[in-house]
Amino acid sequence: MRAELAPRVKKLKQQGVTPGLSVVLVGENPASQVYVRMKGRACEEAGMRSDTITMPAETTEAELASVIERLNGDDAVHGILVQLPLPDQINDQGVLHSIRPDKDVDGFHPENVGKVSTGDPTGFRPATPYGVQQMLIRSGVDPAGQHVVIVGRSNIVGRPMASLLLHKGEGGNATVTVCHSRTRDLPTITRQADILIAAIGQPEFVKGDWIRPGAVVIDVGVNRVSDPTTKKGYRLVGDVDFEAARQVASAITPVPGGVGPMTITMLLYNTVQAARQWAG
Ligand code: NDP
């Protein structure tokens, strides 16, 4: 999919528009630093412009707002992304609402949330669920008519995932069940899934016997667990017990890999979409 993007970027450049993404990173969260570096590198590899604005952990909401205001008004910036989580003194929602909706390539502004949930293609689809949907389509797993069970109801993953899979159209038309921490008897529900999507944030939470034989499993979770045998002292695992799940599932995404790289790919697609809409 990244290779498919190259001719689109080239065409825009020939029209004098180089798609540009600005990423704002506040504080020194090590995982966020890694994600931001990966996003910047992927942009450059795709021939796009990217810059990262790093701000100290003590940054105030007003200081961050003034950076966003500048980026909102900068014609070379087509996409703005504020890396989450933000430090406690900053209100996430206020910040996400202050990004111009036509530059909000993360798709978290209420205008884009509304557009995406009503099927307006000019809205930006949040990159993680968008990537999951594309991965299903590209792997020949058509969600139409299938029972998809999503575990997790966050605004970043679970909810927009449900919305995309409910759409009438390609990659949609699924029957969707969304579960969360108050769901009673979760394994009984996950066992009914043709496609199971885990976005919980708990290491290896979904067990092998929670999965119907032959189901497709998408693991969104990225969790650090301590592992003294590795150089870093930790390793990454998903929300699904991969070794057990792979015995029963017909297909499963790995962690790391799988959803993570797809998320970055869809961020690039959204930035190109923003640049195209900007260019008219
Ligand atoms: P949140 O913490 O915002 O949401 C987690 C969801 O899981 C909540 O809805 C919560 O329920 C539910 N949940 C938590 N514990 C349980 C439980 N015991 N039983 C059932 N449901 C439970 O996380 P995110 O959605 O932001 O992220 C989820 C995971 O995906 C994380 O591991 C994160 O790192 C990863 N992630 C990966 C990305 C990628 O690019 N690969 C991108 C974004 C996230 P409730 O609402 O009731 O609290």
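Tutor: Start with Ala144, which counts as partly exposed because its relative accessibility is 35%. The cut-offs are under 20% for buried and over 50% for exposed. Keep in mind that this is a predicted model. Ala144 sits in the loop between helix H6 (127–138) and strand E4 (147–151). What does Ala144 touch, leaving aside neighbours within four places in sequence? The contacts are Gly172, Asn173 and Ala174. For a sense of span, take Ala65, 79 residues away from Ala144 along the chain. The two C-alpha atoms are 42 Å apart.

Now step across to Asn173, one of the contacts of Ala144. Asn173 belongs to the loop that runs between helix H7 (158–166) and strand E5 (175–179). With a relative accessible area of 36%, Asn173 is therefore partly exposed. Its backbone deserves a look: phi of Asn173 is near 60 degrees, a positive value in a non-glycine residue. Most residues other than glycine have a negative phi. Glu204 also has a positive phi, near 45 degrees. Glu204 lies in the loop between strand E6 (195–198) and strand E7 (216–219). Its relative accessible area is 31%, so Glu204 is partly exposed.

Compare Thr190, in helix H8 (residues 186–190). Thr190 has 1% relative accessibility and so counts as buried. Beyond its neighbours within four places in sequence, Thr190 contacts Val149, Val151, Leu196 and Trp210.

Next, the ligand. How many residues surround it? The shell holds 21 residues, and the closest are Arg153, Ser154, Ser181, Phe205 and Thr263. A side-chain N or O atom of Ser181 is 2.5 Å from a ligand oxygen. In Arg153, a side-chain N or O atom is 2.7 Å from an oxygen of the ligand. His180 takes part through its backbone: a polar atom there is 3.5 Å from a ligand nitrogen. Alone, the ligand exposes 930 Å², and the protein buries 70% of that. Helix H10 (residues 259–279) gives the most to the shell, with three residues.

The loop between strand E10 (251–252) and H10 holds Pro256. Val255 and Pro256 are joined by a cis peptide bond, with omega about 0 degrees. Most peptide bonds are trans. A cis bond also joins Leu84 and Pro85, again with omega about 0 degrees. Pro85 is in the loop between strand E3 (79–82) and H4.

Follow the chain through helix H4 (92–98) and on toward helix H5 (110–118), and the loop between them holds Lys103. Lys103 is buried but forms no salt bridge.

Definitions and conventions. Residues numbered from 1 in each chain as written. Predicted model: local features only at pLDDT ≥ 70, side-chain atom pairs only at ≥ 80, totals over all residues. Heavy atoms only, no water. Helix = DSSP H or I, 4+ residues; strand = E, 2+ residues; numbered from the N terminus. Buried < 20%, exposed > 50% of the residue type's maximum accessible area, 1.4 Å probe, protein only. Lys, Arg positive; Asp, Glu negative; His and termini not counted. Salt bridge = Lys/Arg side-chain N within 4 Å of Asp/Glu carboxyl O. Near = heavy atom within 4 Å. Polar contact = N/O pair within 3.5 Å; in protein donor to acceptor, adjacent residues only side chain to side chain. Areas by Shrake-Rupley, 256 points an atom, 1.4 Å probe, with all protein chains shown as cover. Contact = heavy atoms within 4.5 Å.
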